[in-house]
Amino acid sequence: MDMTNQPNDLPVAIIGAGPVGLAAAANLIERGLVPLIFESGHQAGASIRNWGHVRLFSPWRHNIDPASRRLLETTGWTEPRLSSLPYGAELVEQYLEPLATLPAIRNALHTSTTVTAVSRAGMDKTHSRGRDERPFLVRTETEDGTVEDHRVRAVIDASGTWAQPNPLGQAGLPAPGEAEAIARGLITAPLPDVTGADRACFSGKHVLVIGAGHSAANTLISLGQLAKNEPGTRISWAVRGSDTSGLYGGGDLDGLPARGQLGTRLRKLVEDGHIDVHISFTTTGFVAGNRLAVTGATPEGETTLEVDVLIPATGFRPDLGILREIRLELDPAVEAPRALGPLIDPEFHSCGTVPAHGAKELAHPDKDFYIAGMKSYGRAPTFLLATGYEQVRSIVAAIAGDMAAAGQVHLELPETGVCSTDLGGTCDAPSEASEPGDAAGSCCAAPEPVLIGIPTGLAHGRSGAE
């Protein structure tokens, strides 16, 4: 193959077969382009399956991509009730699985296939001459060790952030002893099924939750339910901030009622004394024995909490390692595309919603390479699936050469009802714990990937501050 050309009949690579990745595929199919989808998990929606017991904040009407709906409707697919709130497992079973089995997507989907690198065919990052005319090279590895290089006309990285949880220590680094505590099962995976499959890991034990986001709130409420029925179950919650009043969200003012209720329920548990809160707590070390000793720095000095098990809820970050040979332009703070970063930086955003954005804001110096979905938000905390669907609609239009459609972006997101960083800290979007027995998983294993998407209502960003 002549690597100096980029024939239009080459496929478009999509990394990740979650909701946004499959939405990208649906949009490509509608425009007569060929998707090539790589999913490291065994099935589409592999990351979501890890938290299938969790209910989303947003109703079905926010969680179905328009292009995907049009494809599904040709098969006689029955749309879920749009006002209901799906569990993660329902999102997979009622939407992603039917979408992934459509012949045009099924034939393009390569599961158990990990993308290990993305580059330009025949040239590394340092070479510029004729770069835009070269096809991309996507290197993959399957579970049996088979390595293959694929030449494609464009790349949409929708691989998410679930596989890259933030460390628990200070300064963005793992705390001393953190890796050993994870290996010994004293630190669990994010979003365990506290009242269901993982119940035995927490019943009658002293459980510490670290983090101040939606994951933390969801987990703490689940632990509160467990403690009602399991004597001896103790709940501690450690946060870095000095005041918990801003951690409960917008309550009745939230545009997504389930999200507002989450903060309200958490506040009541704290005020009623069911949760022991440790504020201004910065984790500095772990000692793993029969129990876990968690050392933290506080204004009063160093303190140590002795607990049986710790649930992390400190959010996620993008894995940029596979993109080392791609020319990226990222915001230095949140690791989102540079034009998007100031609009979503949790230190600077105010109330409102994320401005509509698409291919223009998500573009990088390497033409026709895009990061979409949760990964496009970098380290910013929260994300709505509808945001990702509009992103990939615009991106696919740009790849197809329809710049007018690519530039016509429209997005309306529910407001949070607060002028702060919402619940802060995590990028998942659960609402409330499931009933026992919904979905399986091992809470005593090393952390799996986590995440999903609900908006925090980010708006005006830094206003030029850098």
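# Buried charges, ring pairs and confidence

Both Asp 366 and Arg 131 are buried (under 20% relative accessible area; exposed is over 50% and partly exposed in between, with a 1.4 Å probe and protein chains only). The model is predicted, so local features need pLDDT of at least 70 and side-chain atom pairs pLDDT 80 or more, while totals for chains, interfaces and linings use all residues. Residues are numbered from 1 along each chain as its sequence is written, and side-chain values use heavy atoms, with hydrogens and water left out.

**Exercise 1.** Find how Asp 366 and Arg 131 are joined, and which parts of the chain they tie together.

Step 1. A salt bridge joins the side chains of Asp 366 and Arg 131, at 2.7 Å from N to O (the term covers a side-chain nitrogen of Lys or Arg within 4 Å of a carboxyl oxygen of Asp or Glu).

Step 2. Asp 366 is in the loop between helix 10 (359-362) and strand 15 (369-371), and Arg 131 is in the loop between strand 4 (113-120) and strand 5 (136-142), so the pair ties together parts 235 residues apart in sequence. Helices (H or I, at least four residues) and strands (E, at least two) are DSSP runs, numbered from the N terminus.

Step 3. Arg 120 is linked with Arg 131 and Asp 366 in a network of salt bridges. The charged end of Arg 120 also sits over the ring of Phe 136, 3.8 Å from its centre (for this, NZ of Lys or CZ of Arg must be within 6 Å of the ring centre and within 35 degrees of the ring normal).

**Exercise 2.** Describe the salt bridges Arg 139 to Asp 149 and Arg 379 to Glu 335.

Step 1. The whole structure has 16 salt bridges. In one of them, the side chains of Arg 139 and Asp 149 meet at 2.7 Å, N to O.

Step 2. Arg 139 belongs to strand 5 and Asp 149 to strand 6 (residues 147-152), so the linked parts are 10 residues apart in sequence. Arg 139 is partly exposed at 36% relative accessible area, and Asp 149 is partly exposed at 35%.

Step 3. The side chains of Arg 379 and Glu 335 meet at 3.2 Å, N to O. Arg 379 is in the loop between strand 15 and helix 11 (385-399), and Glu 335 in the loop between strand 14 and helix 9, so this pair ties together parts 44 residues apart in sequence.

Step 4. Arg 379 has a relative accessible area of 36% and is partly exposed; Glu 335, at 22%, is partly exposed as well.

**Exercise 3.** Classify the ring pair Trp 60 and Tyr 95, and place its two residues.

Step 1. There are 5 aromatic pairs in the structure. Rings of Phe, Tyr and Trp (its six-membered ring) pair if their centres lie within 6.5 Å; planes under 30 degrees apart are stacked, over 60 edge-to-face and the rest tilted.

Step 2. The ring centres of Trp 60 and Tyr 95 are 6.5 Å apart and the planes are at 80°, so the pair is edge-to-face.

Step 3. Trp 60 is in the loop between helix 2 (46-49) and helix 3 (66-73), and Tyr 95 is in helix 4 (residues 88-100), 35 residues apart.

Step 4. Trp 60 is buried at 2% relative accessible area, as is Tyr 95 at 0%. Together with Trp 77, Trp 60 and Tyr 95 form one aromatic cluster.

**Exercise 4.** State the confidence of the model and locate a stretch where pLDDT stays under 50.

Step 1. The protein chain has a mean pLDDT (the predictor's confidence in each residue, from 0 to 100) of 85, and 82% of its residues reach 70 or more.

Step 2. Over residues 416-466 pLDDT stays under 50, and the model has 216 contacts beyond four places in sequence for them (heavy atoms within 4.5 Å).
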